[in-house]
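Hi,

Here's the structure I promised to pass on. Have a look at it first, and then read on for what I found in it.

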Amino acid sequence: MRAAWTVFRKELTDAVRDRRSWMVALVISMLSGPLLFTLMSSFIAGIEERAAAREVWLHEPERAPTLVNFLQRAGATVRTAPDDYAEQLRAGRLLNAVLVPPADFESLLAAGESVAVEVLFDDSHERAQPLVRASLSLLRAFNREAGVQRLLARGVSPQLLAAIELEEQNLAPSQARGAQLLFIVPWVALLVAVFGALSVAIDVSSGERERGSLEPLLMNPVPVGELVLGKWGVVMVYSTVIVLLTMAGFLVSMRLISSETLAALMQLQWREVGIFCLVLLPFAGLMAAVNMLAATFGRSHKEAQTYVSYIAMAVQFAAIVPVFAPQRDAFWHLFAPSIGQLSVLMKTLRGEPLAAADLVVPALVCLAGMAACLLVQSALLRRESIIFARG
């Protein structure tokens, strides 16, 4: 192990000399959390402000004074839609729905007939969806009130239409609802664990071979296994530091959220950050070993970048699998790297209790995969076809 420690110090010294690369990596990891939450907070706060305004847009509102009266009694502000409302809806300049009552709205309503009211909207814009839902909800409320009045006018109890009374109880705690907003945190954390030290992993493997410094290094009386272990230790240190700084950035950024509703829903405290680190560090160790192994096959720095980029892509796609899985948090997820980590991190955000298997199984899988990758790389570095290959 003394030889591995010597190799570790040598590789760490070489990596630290490239100040520009590691400074950029550290700064980005520290700023990613605050920047992400600042953008999310401003986006949601803007939606809340527009939804709180309770604006309803009508085309020629003078056609439907009864509807206008109801909306005003409900606390909504009635706006007159511009003539080119269809174009503005498609372009995203007008986000809310536009109600278009017919010219004979009042006469049909007074006659007790059904009135066809066009509702135009474009919900492909995410910011428009809550506004459209609010306008549709007010329109349905007017429909219910008008229907009740018609029944009462005919001496019919409105309760005859209500065969059952719904008593809704949402069992999801506020922390679980907030986890839906914080879903991006585990995903970003996984990507950071993968991308955190890609450059270092490439440099200590294919970079050494491309520079021609791998052969003299292997000529030293150092076991190949300890040589690989020392190089892996440097990559792991970089990954660990970047993961920790990213999580610290997320923790600090929670204090910068301007929306009270958002701050109440999203709970990311020291407990959650600690569990995140316990889950992510073994995964970072596995990714360090996998990236080093993949880069070993690259005869040049450019070729190695191609290999490790496909690994990062596989991790991103694997993280999406639980979204389409028929069962949430299935036990087999724990045995799949990336999928298991994401499942445990989401359970943590939802405030659900974690079993010992949730932490132990993914860690053991990562440690086993890491050991296998290091052993394979040690075997490869004993082959002349690998050592003397050039791009």
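A quick word on terms before anything else: when I say two residues touch or are in contact, I mean that they have heavy atoms within 4.5 Å of each other. Please also keep in mind that this is a predicted model.

You'll find glutamine 88 in helix H4, which covers residues 85-91. Leaving aside residues up to four places away in sequence, glutamine 88 touches Pro82, Arg93 and Leu94. Is glutamine 88 buried or exposed? Its relative accessibility is 17%, and the cut-off for buried is under 20%, so glutamine 88 counts as buried.

Now the overall picture. The protein chain has 391 residues, and 46% of them are buried. Its secondary structure comes to 17 helices and four strands. If you take the contacts in the chain with a separation of 6 or more, 72% of them are between residues 24 or more positions apart.

The sheet

The four strands form an open sheet in the order E2-E1-E3-E4, and the pairing is mixed. At the edges you have E2 (77-80) and E4 (118-120), each of which pairs on one side only. From one strand to the next, the twist averages 30 degrees.

E3 (residues 98-100) and E4 run antiparallel and are joined by three bridges. If you want to look at one of these pairs, valine 98 has leucine 120 in E4 as its bridge partner.

Which helices go with the sheet? One is H3 (residues 65-73), which lies across E1 (55-58), E2 and E3 and runs at about 170 degrees to E1. Another is H6 (residues 129-153), which packs on the sheet and touches E1, E3 and E4. The direction of H6 makes about 75 degrees with that of E1.

The nonpolar cores

The largest nonpolar core has 64 residues, and the members that touch the most others are Trp232, Val235, Met247, Leu280 and Phe283. Two or more residues each come from H8 (184-195), H9 (198-211), H11 (224-253), H13 (270-296), H14 (301-324), H15 (339-349) and H16 (356-380). Which helix gives the most to this core? That's H13, with 17 residues.

Not counting residues up to four places away in sequence, valine 235 touches Ala197, Val200, Ala201, Val204, Ala288 and Met292.

How the helices pack

Let's start with H8 and H11. Their axes are 9 Å apart and the packing angle is about 160 degrees, so the two helices are roughly antiparallel to each other. The crossing of H8 and H11 is right-handed. On the H8 side the contact involves Val185, Val188, Ala189, Val192 and Ala193, which meet Ser239, Ile242, Val243, Thr246, Met247 and Phe250 of H11.

H8 also packs against H13, at an angle of about 35 degrees and with the axes 8 Å apart. H8 passes H13 in a right-handed crossing. Here H8 uses Val185, Pro186, Ala189, Leu190, Ala193 and Val194, while H13 brings Phe276, Leu280, Phe283, Ala284, Met287 and Asn291.

Then there's H11 with H16. The two axes come within 9 Å and cross at roughly 125 degrees, which makes H11 oblique to H16. This crossing of H11 and H16 is right-handed. The residues that meet are Val224, Gly225, Val228, Leu229 and Trp232 in H11 and Met370, Leu374, Gln377 and Ser378 in H16.

One last residue

Serine 199 is found in helix H9. At 47% relative accessibility, serine 199 counts as partly exposed. Its C-alpha is 9.8 Å from that of valine 308, although serine 199 and valine 308 are 109 residues apart in sequence.

Cheers

Conventions: Residues numbered from 1 in each chain as written. Predicted model: local features only at pLDDT ≥ 70, side-chain atom pairs only at ≥ 80, totals over all residues. Heavy atoms only, no water. Pairing = 2+ DSSP bridges. Axes fitted to C-alpha atoms, helices over the stretch in contact; angles between N-to-C directions. Core = buried A, V, L, I, M, F, W, Y, C linked by side-chain atoms within 4.5 Å. Buried < 20%, exposed > 50% of the residue type's maximum accessible area, 1.4 Å probe, protein only. Parallel < 35°, antiparallel > 145°, perpendicular 65-115°, else oblique. Left-handed = near helix turned anticlockwise from the far one by under 90°.
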